[in-house]
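This report goes through the fold, the surface and a few individual residues of one chain, in that order. Please keep the sequence and the structure in view while reading.

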Amino acid sequence: MYLIAIAWLYVALMMALAEASSPQGSVFGALITFLLYGVAPMALVLYLVGTPARRRARHLAEAQAAASARAQAQPVSEPAADSGQGDGGDHAPAEPLPPVGKEP
């Protein structure tokens, strides 16, 4: 997309240079030509084409903010002392853990 924008601005610049170098043209007319035929349309097109990307970025930022708010709102629970689960230390748990998904 940026290649098209660069090409359009190049053509508008060449139009402005042709007007500025013309015996009937002026530098002010060349500046107006470049702004109205080059910069203004490309700014509008790039703004409109970039709308979906800005929307995705806004939704992503809102989702990340909501996730961090949920993470801060939920307190970290301490493991129960008599649950038999390991606490991350060097020793084995008090009782062996039952296999997951199997009846004893």
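No aromatic pairs are found in the structure, the count being zero, and this, like every other value in the report, refers to a predicted model.

**Fold and surface**

The chain has three helices and zero strands, and, read from the N terminus, its elements follow the order α-α-α. Of its 104 residues, 10% count as buried. Where contacts join residues at least 6 apart in sequence, 39% of these contacts are between residues at least 24 apart. The accessible surface of the chain amounts to about 8,900 Å², and carbon and sulfur atoms account for 67% of that area.

**A nonpolar patch**

On this surface, Met1, Tyr2, Ile4, Ile6, Val45, Leu46 and Val49 make up a nonpolar patch of about 690 Å². Helix 1 (2–21) and helix 2 (27–49) are the elements that each give two or more residues to the nonpolar patch.

**Two residues of helix 2**

Val45, one of the patch residues, is found in helix 2, and Leu35 has its place in helix 2 as well. Their accessibilities are set out below.

| Residue | Relative accessible area | Class |
|---|---|---|
| Val45 | 32% | partly exposed |
| Leu35 | 39% | partly exposed |

Why does Val45 count as partly exposed? Its relative accessible area of 32% falls between the limits of 20% and 50%, and therefore Val45 is neither buried nor exposed.

Which residues does Leu35 touch, leaving aside its neighbours within four places in sequence? With those neighbours set aside, Leu35 is in contact with Ala40 and Pro41. As for Ala16, this residue is 19 residues from Leu35 in sequence, while the two are 9.2 Å apart in space, taken from C-alpha to C-alpha.

Technical notes: Residues are numbered from 1 along each chain as its sequence is written. This is a predicted model: local features need pLDDT of at least 70, side-chain atom pairs count only at pLDDT 80 or more; totals for chains, interfaces and linings use all residues. Side-chain values use heavy atoms; hydrogens and water are left out. Helices (H or I, at least four residues) and strands (E, at least two) are DSSP runs, numbered from the N terminus. Buried means under 20% relative accessible area, exposed over 50%, partly exposed in between (1.4 Å probe, protein chains only). Contact means heavy atoms within 4.5 Å. Accessible areas come from the Shrake-Rupley method with a 1.4 Å probe; for residues, only the protein chains shown count as cover. Rings of Phe, Tyr and Trp (its six-membered ring) pair if their centres lie within 6.5 Å; planes under 30 degrees apart count as stacked, over 60 as edge-to-face and the rest as tilted. Patches are made of residues with over 30% relative accessible area and no salt bridge: like charges are joined within 9 Å, nonpolar side chains (Val, Leu, Ile, Met, Phe, Trp, Tyr) within 5 Å. A salt bridge is a side-chain nitrogen of Lys or Arg within 4 Å of a carboxyl oxygen of Asp or Glu.
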